[in-house]
Number of protein chains: 4
Amino acid sequence: MTAQPFVVVAGVGPGTGASVARRFAKAYPVVLLARGTDKFEKLAQEINDQGGKAIGISADVSSAESLASAFQQIEKEFPGANAAAAVFNAAAGFVRKPFLEVTEKEFASAWEVSQKGAFLFSQHVLPFLLKHAKDSSASHPPTLIFTGATAGVKANARVAAFATSNFAKRALAISLAKEFGPEGVHVAWANIDGPIDIPGRDDYRKDLPAEQKIDPDEIAGAYWGLHVQSKRAFTNEIDIRTSVEKW
Amino acid sequence: MTAQPFVVVAGVGPGTGASVARRFAKAYPVVLLARGTDKFEKLAQEINDQGGKAIGISADVSSAESLASAFQQIEKEFPGANAAAAVFNAAAGFVRKPFLEVTEKEFASAWEVSQKGAFLFSQHVLPFLLKHAKDSSASHPPTLIFTGATAGVKANARVAAFATSNFAKRALAISLAKEFGPEGVHVAWANIDGPIDIPGRDDYRKDLPAEQKIDPDEIAGAYWGLHVQSKRAFTNEIDIRTSVEKW
Amino acid sequence: MTAQPFVVVAGVGPGTGASVARRFAKAYPVVLLARGTDKFEKLAQEINDQGGKAIGISADVSSAESLASAFQQIEKEFPGANAAAAVFNAAAGFVRKPFLEVTEKEFASAWEVSQKGAFLFSQHVLPFLLKHAKDSSASHPPTLIFTGATAGVKANARVAAFATSNFAKRALAISLAKEFGPEGVHVAWANIDGPIDIPGRDDYRKDLPAEQKIDPDEIAGAYWGLHVQSKRAFTNEIDIRTSVEKW
Amino acid sequence: MTAQPFVVVAGVGPGTGASVARRFAKAYPVVLLARGTDKFEKLAQEINDQGGKAIGISADVSSAESLASAFQQIEKEFPGANAAAAVFNAAAGFVRKPFLEVTEKEFASAWEVSQKGAFLFSQHVLPFLLKHAKDSSASHPPTLIFTGATAGVKANARVAAFATSNFAKRALAISLAKEFGPEGVHVAWANIDGPIDIPGRDDYRKDLPAEQKIDPDEIAGAYWGLHVQSKRAFTNEIDIRTSVEKW
């Protein structure tokens, strides 16, 4: 008997994380990771109400202990440790300020989440993904997707913490894509280039018309599109922006 | 009454071009452009037999006259000049040799097809795509996709003609994406990174196992995925390679 | 007896070309190539007057015949065909306009100079540079430098002809650097990122203060810096911009 | 009276750091920072013996306290806090191993030095460099150079820690170049692409012939070349490799 494949989304908020969880929940049970339970409770409820399956686990991606505990719980829920996909969507708060005013703490906290978090999450989830790569009944190759930003390819003034972390996260994604592609794991980095339209957050960039904000459901659709690619056509890097974005 | 939307594929051969035509023919009538009628006759027949609609037109993308004539014929077939998508898939023959042995003719012929051809094709098809952008009954934003190669981002020794042309084609795609995105046209460049598995061509890189050759139907699937993106989530650049490709 | 080493600069105008010629003339005789004799006559005079040696040859880099004739003349002047450095500084006129208004002629003329010209010039001059690579009395490795622009790494809207040509020229430089580096020829591409302060041309971007315009003598200094690098430390790509340039 | 300008090199070892210190010591007093005094004692002696001026200070770039103390000492030595140049040359040990075997400690130690270290060093030294930018008797604009590696632009398999840190360090350099360029500080990133020929370390890549190893004195020469550029021609990024390097 084959172990039940599942999907894990790290960094579930009301925007990209929730949309991705909903999209993948159409095909797999989903595990929602976030620091605060408020981030995933309503979403898990919603997915379960609509016939999907979702469980939320409180976890801090920047803590090896916290992640170890979360993955133990995941393995209990889904014996066989068979992950069809994993999405790393966690991000530190965005800081834009003169470089000489950035505190060591601000600089380090971007590292904690976007780099150490991405590193630890990858180390925990890759063995589960590698299992799926050997699961002959798998519908699609296992997929590990990192949500990135333009700052991963373009470093602007006054965003040193954000840019360094995003460049680094992209480097991690590429390095993992090259190492684990031949083992059947599809690793991809997504450059989300612009503000996202976060439902329920009317205050977020309220000034911007909808057409200037990226639709998170569309991001989720693109991620799903990555997941269903066969081993003979992996896309390892995509950009996503509105039609009116300057770039 | 809305004009019938259609799709035009330039550079139809047995590989990517044919797969793309088949994929888009599930939703739209397709126009197949190639220099020789042998390139599209069987394919058009096949699509028409299976309930789709395809017409082939002999055209040389590097000739303004030839393209003008082809687009006149297209307009007769599809009054209203309403193009839902266009794919530029034409490419000059690949030449790998010491730089000092490359002839001016070889260097120029890569330019003729990949650059002048891409330029002329874009100029002819963009007005049709811009019409679709204003068609309120359109299912998806009009899409212009350029098939590229790794040589568009990485210039190796002894492939000067191929690399210059691919760098240039990518530049054209990016420039057009920035100019026509705000007008609702989705322009994308695809880095097809590796050998393609061309059906019926058993002799093509016969030595390579299938897993090392990109599946052209998957390329077509990725192109379709680009086409169905909304204006709030355009992807302007993708790479496609097998899981075992070195990059 | 060793053949007299010399330097050839293609595309000599009042800006970068003239500065480069003056700089290299401190160490080598220089050959000035330009289409019109008015471009180099005064400059050659000036260099000769100041104790250097310069000869001007009228040549069209986009014509194989014209270049062949120019290099025959060069070989007569400098028997031994021993080129210490070559700088490709020719460029087509810059065109910024809506893509649909660009004429085929405009698009092609950028190709003619920046791509075919760069190709032909490289083919003609590389054998001379390869000779210098074997000249045991050479002071520095032979150097082939291509003057490029930001448009070689960033393709903006409405500059399709310029961007394609610059991307392509950069690809050529990289490909040649990889092929001829192991043979001792130092090939480099320079991204001149911003307007240049052209002496005697008060009308050029007159509105801009000097600090916003790149000093062509400094470009020449950087090119000289590339020339004197040993084979154990080649720089193949540099960018040059003012301290206040946005990038 | 103008304050005495000086240069500070962080990460002084027998290779690049020592060569850079020797080169800049021809023009300025140099401060050598390294964790162990054995790293700089002989070098400081050598520079002082040859008529230059060098002082060594033991400092850990990844510690804010250690750096603060070092810069206090610097300010005592050179009242006026007038830094003509600063070179960040510190790097964590290179680790190449399967990703799943990389320890959190290994991953974090690359961050500690290459990212936090680069961040803290920049914050400490920039006020000194900004002073030099306002020093009307300065010979050249103040320069901040980061020694990087190919891993800053290319992330390979099995080098996740090294690649993330180098991508990040490059992002920091670019961000700082954009923020502080307009204030007259010249920030640059150097991609040192290949093994370095470290004098006195016969065991280092002993198998490689000298022509395949980058000459650290040449790196120093290139850094000096960056330093002497005027504000009207800053180079913000260079690559340095041997003529035979594959790239």
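What covers the buried residues of H1(B)? The cover includes strand E1 (6–10), strand E2 (30–34), H2, strand E4 (83–88), strand E5 (143–149) and helix H6 (216–227) of chain B. This is a predicted model, in which local features need pLDDT of at least 70 and side-chain atom pairs count only at pLDDT 80 or more, while totals for chains, interfaces and linings use all residues. Residues are numbered from 1 along each chain as its sequence is written, chains are lettered from A and ligands numbered from 1 in the order in which they are written, and side-chain values use heavy atoms, with hydrogens and water left out.

**Relations between chains**

- Chain C is superposed on chain B by a rotation of 180° with 0.0 Å of shift along its axis, at an RMSD of 0.0 Å. The two copies are thus related as by a two-fold rotation axis.
- Both copies use the same surface, since 100% of the contact residues of chain C recur in chain B. Contact means heavy atoms within 4.5 Å.
- The superpositions are by least squares on the C-alpha atoms of residues with pLDDT of at least 70 in both copies.

- Helix H1 (residues 16–25) of chain B is mostly covered, with eight of its ten residues buried. Buried means under 20% relative accessible area, exposed over 50%, and partly exposed in between (1.4 Å probe, protein chains only).
- The buried residues of H1(B) are Thr16(B), Gly17(B), Ala18(B), Ser19(B), Val20(B), Ala21(B), Phe24(B) and Ala25(B).
- Ala44(B) sits in helix H2 (residues 41–49) of chain B and is buried, at a relative accessible area of 8%. Helices (H or I, at least four residues) and strands (E, at least two) are DSSP runs numbered from the N terminus.
- Not counting residues up to four places away in sequence, Ala44(B) touches Leu32(B) and Ala54(B).

**Helix packing in chain C**

- Helix H3 (residues 64–77) and helix H4 (residues 104–133) of chain C pack at an angle of about 25°, their axes 9 Å apart. That makes H3(C) roughly parallel to H4(C).
- Axes are lines fitted to C-alpha atoms, for helices over the stretch in contact, and angles run from 0 to 180 degrees between N-to-C directions. Angles under 35 degrees count as roughly parallel, over 145 as roughly antiparallel, 65 to 115 as roughly perpendicular and the rest as oblique.
- The crossing of H3(C) with H4(C) is right-handed. A crossing is right-handed if the near helix is turned clockwise from the far one by less than a right angle, and left-handed if anticlockwise.
- H3(C) contributes Ala64(C), Leu67(C), Ala68(C), Phe71(C), Ile74(C) and Glu75(C) to this contact, and H4(C) contributes Leu120(C), Phe121(C), His124(C), Val125(C) and Phe128(C).
- The residues of the contact of H3(C) with H4(C) comprise nine nonpolar, one polar and one charged. Ala, Val, Leu, Ile, Met, Phe, Trp, Tyr, Cys and Pro count as nonpolar, Asp, Glu, Lys and Arg as charged, and the others, Gly among them, as polar.
- H4(C) also meets helix H5 (residues 160–180) of chain C, where the axes come within 8 Å and cross at roughly 15°. H4(C) and H5(C) are therefore roughly parallel to each other, and H4(C) passes H5(C) in a right-handed crossing.
- Among the residues in this contact are Phe107(C), Trp111(C) and Phe119(C) of H4(C), and Lys169(C), Leu172(C) and Phe180(C) of H5(C). The contact of H4(C) with H5(C) has 13 nonpolar, five polar and two charged residues.

**Loop residues in chains A and D**

- Most residues other than glycine have a negative phi.
- Ala81(A), not a glycine, has a positive phi of about 50°. Ala81(A) lies in the loop between helix H3 (64–77) and strand E4 (83–88) of chain A and counts as buried, at 4% relative accessibility.
- Arg158(D), also not a glycine, has a positive phi of about 70°. Arg158(D) is in the loop between strand E5 (143–149) and helix H5 (160–180) of chain D and is partly exposed, with a relative accessible area of 37%.
- Gln212(D) is in the loop between strand E6 (186–192) and helix H6 (216–227) of chain D and is partly exposed, at 30%.
- Leaving aside neighbours within four places in sequence, Gln212(D) is in contact with Pro195(D), Thr242(D) and Val244(D).
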